[in-house]
Amino acid sequence: MNKTPENLHSRATNKPMRDIIADRSRRSFLKSAGATLGAVAAQGFVGSLFSTQAYAKSAQSSLQFTELTRIYDKMHHVADGYKADVVVAWGDAMKAGQEAFDPAKIDAAAQADRFGYNCDFIAFMPLPRGSQTSDHGLLCVNNEYVSPNVMFADMIEDDAGAKMTEAQVALCNMAIGHSIVEIIRKDGVWSVVQDSPLNRRITLDTPMTISGPAAGNAHLKTSYDPTGTMAKGTTYNCSGGVTPWGTVLTCEEGASDTFGGSTEGNPEAAALERYGYDGSDYYGRARFDARFDMGQEPNEPNRFDWVVEIDPYDPTSTPVKRTALGRMSHEASTVVLNKDGRVVVYMGDDDYFEYVFRFVTEAKYDPANPASGKDVLDAGTLSVARYDADGSMTWLPLTHGTAGLTAEAGFADQADVVRKARLAADLLGATPMDRPEDIETNPMTGRVYAVMTKNKKITQDKLNPANTRPENLWGHIVEMIPPGGAGIDADHTAEKYGWDLFVLAGNPKDPATGSTFSPDTSENGWFVNPDNLTFDPKGRMFVSTDGANDFDIADGVYGVDTEGPARGLPKLLFACPIGAEASGPCFTPDGTTLFISVQHPAENAETLDKAETLWPDFKEGGLPRPAVVAIQRNDGAEVAS
C-alpha cells in the first residue's frame with residue numbers, strides 16, 4: 001500500500017526456503033502439490049492446490065446485490081440500490097468554529113487541527129466505549145502520506161523533495177499520521193461532530209513512548225531522546241488493527257525514503273540498507289529538520305517502522321510504539337483473541353520478497369477486565385511464516401539465543417532481533433512473499449487470509465510454493481488454516497497450520513495470468529492487486545484493491561464468498577475515481593455501513609493542472625481530496641444482505 005514501493009530498496013538476493021525448494025522450478029512446486037498452473041487455469045480451479053472442497057458450476061453468490069458494471073472516470077460509483085456518501089475529507093474541520101476547507105489558507109498550523117491527507121486504514125470504534133453501537137462512534141483513520149503533485153501548483157512528484165518550501169514540507173508533516181473524529185448517523189447520513197473533545201490529530205510531531213524489548217536500546221538513542229524511550233511522531237501509517245480492550249494499532253510502513261543524509265561510517269549501515277534507507281529524502285524533510293538527516297542523527301531511522309498503539313477514547317493519552325511486534329514495513333496488525341486468552345497479532349511486511357509475521361503474547365487478556373490489556377503487547381513471541389509444498393506451514397520463533405539468533409550472527413539481544421526482524425527472518429529460512437499486505441481473520445471460520453498485492457521482481461528461480469507466478473503483476477490471496485476447529489475454536493497460537501492459495505488474481509480471459517477465480521466470475525467481478533480485506537458479520541470477504549489503474553480499470557471494493565459453491569466468486573460493489581485506490585474497508589458492528597478510504601484521487605497526474613478529477617468537490621480552482629466514504633443500502637439493511 002506504500003505509494004513508493006518501486007522506489008524502496010529491495011535486496012538483490014534473498015533466502016528462499018533453500019532446504020525444500022533449491023533448484024526447483026515453478027512447475028515442480030505445482031506438480032508436487034498435484035497440479036500444474038496450466039491445469040489449474042484450464043479447469044477454472046478455485047481455491048488452492050491443496051483444497052479438498054468441491055466447487056460447483058453456475059454457483060450463486062450469497063451476496064445478493066446487483067453487481068456494478070465496471071467503470072473508470074472522474075466520479076466514484078456504487079452498485080444499484082446503494083449510496084456512497086463522503087463522510088470526511090482532507091482538510092475538513094475537526095474543531096468547533098473552524099471554517100470550511102480553503103486550499104488557499106491551509107498551512108501547517110491549520111492542518112494540525114484538520115483531517116489528514118491520504119486516508120488508509122479505518123477503525124470504527126463505537127460510542128460509548130465497549131458497546132456495539134452502530135450509529136455513533138469514533139472514526140480512526142490512518143493518513144499514510146501526501147501527494148505534492150496534486151497539492152501544490154507546478155509541483156512534479158519526483159522533484160518535490162528538492163523543491164518544496166519549508167512551509168510546504170511543514171504542512172505535509174502535519175497532514176500525515178492519524179485522525180480521530182467523532183461521527184454520528186442521523187436519518188441515514190453520517191456526519192462529523194465538529195466540536196467533539198475526542199477529535200484528535202496524531203502527526204509527525206506527536207510525542208510517543210517506546211516500549212518493549214527495544215526501549216532504551218543504544219540504537220534508539222538520539223540527541224532528541226538520549227534515553228531511547230520517547231519517540232517523536234509517526235509516518236507512513238498504512239493499515240492497522242483494533243484490540244479487544246478498545247485501542248487502535250496503526251502501522252508504520254517503511255519510513256526509509258523520508259530520510260536524507262548518508263549512512264557512511266554508520267556501524268548499522270548494512271541493516272539500514274536492508275530496510276531501504278538510501279538517503280532519498282522523498283519529501284525534503286532532511287533539508288529543514290536535522291533529525292531526518294542520517295548523517296546527523298544516525299539512530300533516528302530505528303525509531304520508525306513499528307506498530308503504534310493509540311487509545312482513541314482518551315485524547316490525553318500518549319501513543320506507544322510496541323517494539324515487541326518487530327520492525328518492518330508494517331502493513332497490518334490484525335488482532336485475534338485466542339481461545340486460551342492470549343492475544344495474537346498478524347502482520348505483513350510490505351516489500352518485495354518480505355515475510356508474514358505473527359506475534360503471540362505471553363500474558364492473557366481478560367475481557368471482564370479491560371485494564372488487563374495494558375502493556376500486554378510488550379512481551380511475547382514474534383514468529384515468521386514458512387510455507388511448505390505439502391500444504392503445511394510453520395511459525396518460526398524469532399527468539400534471541402535460538403536458531404542461530406546469537407551475538408555471533410549480529411543479534412546481541414532480543415532488542416536486536418526485533419529491530420532487525422527482516423535479517424532474523426532471513427536467517428531462519430522464512431518464505432519470501434510477493435509483497436505481503438493486509439492479513440485478516442474470518443470471524444466465522446477462524447481462517448486467516450494474507451494478501452500478496454504483486455511482485456514484478458519475482459523470477460522463475462525465486463518461485464516458491466506460496467508465490468507461484470513469475471513477474472506477478474496481479475497479486476493473490478493466501479489462506480492460512482489454524483488447527484483446532486472453526487471460529488473461536490481455531491488455535492491461532494499453534495506452531496503448525498495448513499495453508500491454501502485462495503485466489504490468484506488477474507483477468508480470467510488472459511491465460512498469461514493463470515487466475516483462479518470461480519468459473520462464474522463476470523467480466524466486472526475479477527480484480528487485480530488486492531490490498532486490504534475485511535469481513536461482514538456473516539463472514540463474507542470484502543477486498544479493496546490498489547494498482548488496478550495500471551490495467552486501465554478502477555480500483556474498488558469486491559465482495560467474495562470464502563465458503564460453499566460460490567467460494568472465490570467476486571462481485572464489484574464500488575469503484576474509485578481516476579487515480580485513486582480503495583483501502584481500509586471497515587464495517588459497523590451491525591453491518592449496515594461499510595466505510596472505505598478513497599486514497600490519492602488524481603495522483604496519476606504529473607502536475608495539478610493536469611489532474612483528471614477534482615473529486616469529491618469538483619470546485620474550479622480546488623484540489624482533489626482523499627476522503628472516507630460510507631457505503632449503505634438505500635433501504636438501511638445490511639450492506640451484504
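Leu377 touches Trp245, Leu249, Glu309, Arg322, Ala324, Leu325, Val343, Val345, Phe359 and Thr361, leaving out residues up to four places away in sequence. A second, separate core has 47 residues, and Ala79, Phe535, Phe574 and Ala640 are included in it. The model is predicted.

Leu377 itself belongs to the largest nonpolar core, which has 84 residues. Together with Phe357 and Leu398, Leu377 is among the residues with the most contacts inside that core.

## The largest pocket

The volume of the largest pocket is about 1500 Å³. Its lining consists of 49 residues, and the closest to the pocket centre are Gln132, Val242, Thr243, Val335 and Pro443. Six elements are listed as giving two or more residues to this lining: β3 (119–126), β10 (237–242), β14 (334–337), β21 (436–441), β25 (530–535) and β29 (581–587).

By residue class, the lining splits into 25 nonpolar, 19 polar and five charged. Which element gives the most to it? That is β3, with six residues.

β3 is largely enclosed by the rest of the structure, because eight of its eight residues are buried. Its partner is strand β4 (residues 136–143). The two run antiparallel and are joined by six bridges. Within this pairing, Ile122 has Val141 of β4 as its bridge partner.

The loop between β3 and β4 holds Pro128. The peptide bond joining Leu127 and Pro128 is cis, with omega at about 0 degrees. Most residues other than glycine have a negative phi, and most peptide bonds are trans.

## Helix α6

Helix α6 (residues 166–175) has seven of its 10 residues buried, so it is largely enclosed by the rest of the structure. Which residues are these? They are Gln168, Val169, Leu171, Cys172, Asn173, Met174 and Ala175.

The cover over the buried residues of α6 includes α4 (108–111), β4, α5 (160–163) and β7 (200–202). After α6 comes Gly177, which has a positive phi near 115 degrees.

## The loop between α7 and β12

Phe292 sits in the loop between α7 (269–274) and β12 (307–310). Is Phe292 buried or exposed? Its relative accessibility is 1%, under the 20% cut-off, so Phe292 counts as buried. Setting aside neighbours within four places in sequence, its contacts are Leu204, Thr258, Phe259, Gly260, Arg285, Ala286 and Phe304. Gly279 is 13 residues from Phe292 in sequence, and their C-alpha atoms are 9.3 Å apart.

Asp305 is found in the loop between α7 and β12 as well. It is not a glycine, yet its phi is positive, at about 75 degrees. Asp305 counts as buried because its relative accessibility is 2%.

## Other backbone features

Glu471 is another residue other than glycine with a positive phi, here near 45 degrees. Glu471 lies in the loop between β22 (448–452) and β23 (476–481). Its relative accessibility is 46%, so Glu471 counts as partly exposed.

A cis peptide bond also joins Trp615 and Pro616, with omega about 0 degrees. Pro616 is placed in the loop between β30 (594–599) and β31 (627–633).

Definitions and conventions. Residues numbered from 1 in each chain as written. Predicted model: local features only at pLDDT ≥ 70, side-chain atom pairs only at ≥ 80, totals over all residues. Heavy atoms only, no water. 1 Å grid on protein atoms, 1.4 Å probe; cavity = no way out; pocket = protein on both sides within 12 Å on 5 of 7 lines; lining within 4 Å. Points joined across faces, edges and corners; volume = space filled by probe spheres on them. Helix = DSSP H or I, 4+ residues; strand = E, 2+ residues; numbered from the N terminus. Nonpolar A, V, L, I, M, F, W, Y, C, P; charged D, E, K, R; others polar. Buried < 20%, exposed > 50% of the residue type's maximum accessible area, 1.4 Å probe, protein only. Contact = heavy atoms within 4.5 Å. Pairing = 2+ DSSP bridges. Core = buried A, V, L, I, M, F, W, Y, C linked by side-chain atoms within 4.5 Å.
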